Amino acid sequence: MPRLSRQMSEWLRAERSIEKAQPSVGTSYGWGGGPVFSDAFRFRRAPTLPALAEAYKSLIFTCVRLNSDAVSRVPLRLYRISPTRGDRATRCDATSVSKGVRLRLKSLAHTAKAMAGAGEVEEITGDFPLLRLIQNVNPAMDQSQLINYTVMSMDVVGTGFWWPTEFHLGCPREFWPLPPHLVAPALETGGLVPSGYDFGSTRYRPDDLLIFKHLSMKNPYGLGMSPTQAAIEYARLEDTFVSIQDDLLSNGPRPSVIVSHKDSKGSFGAAERKRLEEDMERKGRGGRSGAAFVVDGAVAVTPVSWAPADLGAVAISKYDLERTCGCFGVPVSMVTNESSNMAVAREGLEQHARNAVDPRCKTIASTLTRWTHALDKDGKRNWHKLFWAFDNCVPEDKLAEADLHAKYIAMGLPLNVALTEAGYDAVDDGDTSFIPTSLQPLSSAAGARAHPEPKPDWRDEDADFDQGGNENRSRSPRRRKKPGRTRKPPG
């Protein structure tokens, strides 16, 4: 804990000693991994990392909170994937996963290779060191707050840092997220890969930290480029628009009336002008609009009428909102109520989950998986079989899937094809193909043709009468002779 206290003091010292300097020499990119200039005229330099943290307000705050809260609500799970069938976890509790979970793990980039030859797939549910670590992060934070702060760091500054501390038997006991705007990469070799990360007076090696980031196009190995930096010009326009509106509504530089001397050749003295101004300010404020106001002397009062708010400024503000939300992957329908209905709201939630929440979940899970494998380089703990993954956050269209599976069966495919794709287990006799027209099993149809049913003999006496004993003329090809009557021989 002494080292942790020293780190806390360095955080405060670094926060107080922030200088508005330009990017370090040799970085070849601006602050935050983005362009050197933020405007097209190359007048304004890219915002510094502390300036990006200061932009966490207004619309930026709304978009960041929507993403961070959504990611922190998705459950994070630890899986064990083994290529050998029957290789089960023995040192902790684990449960087998369903068919749907297997299909989802096969679709993830960081688990697809292990799932290609997987014999056993289990979810670790018992008392496991890594699960304790991610659930009990540190005395000041829990898992939800850690994930939330990580997404905030990625969306505002571009990079998030976790500092694992107090290693015991090769596994840390705590995670401490570092303020990302106070961490700078050290590029001593002149290359693009940082040799370390400076935080105050402490330098961390790259393998001492867990680094989560949005990749930068200029340097994928350094700091990431955040959506806030991509939308910084729109955020500045929005702040300027809000500040101007606040200035206008506060009635600072826009007076309501102008009081002048009635005689064009006359003028007030300094004392008289001050007295008249104070009287009007005192009696005209505080909801006393329309009250009588009596002054000494001849004055002329001219009301000032201002034009309504410029509609062009409102359109610019709406344009800024759309561009900013687009940088964060947040649908506009989630921050406005214009033309909103149930269908638009559901479509917005699906777009947000697919374009914003799911990519951030995959980034965090893949980074955690790579770090977990690095903890057991010699392979003594078999941690190379462990993989982190979030649950599926994209809502599934059950009706569309059911219709697709019904089409599979109508095409003549076996029943188990639809069941396994839907995530259910196969059933007995489910590998038999169907005839598309009648949905009859192919084996039954083939057997029916090989052994046709015998046709009824319409000349049979029982076939010519129904159950009531009446003659069935429709089924009898010829009329039955009445009993007792005989035909006489010819001649």
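Helix α12 supplies the largest share of the lining of the second largest cavity, namely three residues. By helix I mean a DSSP run of H or I of at least four residues, and by strand a run of E of at least two, each numbered from the N terminus. The model is predicted: local features need pLDDT of at least 70 and side-chain atom pairs count only at pLDDT 80 or more, while totals for chains, interfaces and linings use all residues. Residues are numbered from 1 along each chain as its sequence is written, and side-chain values use heavy atoms, without hydrogens and water.

The volume of this second largest cavity is about 30 Å³. A cavity here is a set of points, on a 1 Å grid over the protein atoms alone, where a 1.4 Å probe fits but cannot get out, and lining residues have an atom within 4 Å of a point. Points are joined across faces, edges and corners, and the volume is the space filled by probe spheres set on them. Its lining consists of Arg104, Leu108, His110, Cys361, Lys362, Ala365, Ala389 and Phe390. Two or more of these residues come from each of α12 (342-375) and β12 (386-390).

I turn now to the largest cavity, with a volume of about 60 Å³. Helices α3 (58-73), α9 (232-249) and α11 (311-328) each contribute at least two lining residues, and α9 gives the most, with four. Among the lining residues are Lys57, Tyr234, Glu238, Asp239 and Asp320.

In total, the search of the whole structure finds two cavities of 30 Å³ or more.

Notes
1 Å grid on protein atoms, 1.4 Å probe; cavity = no way out; pocket = protein on both sides within 12 Å on 5 of 7 lines; lining within 4 Å.
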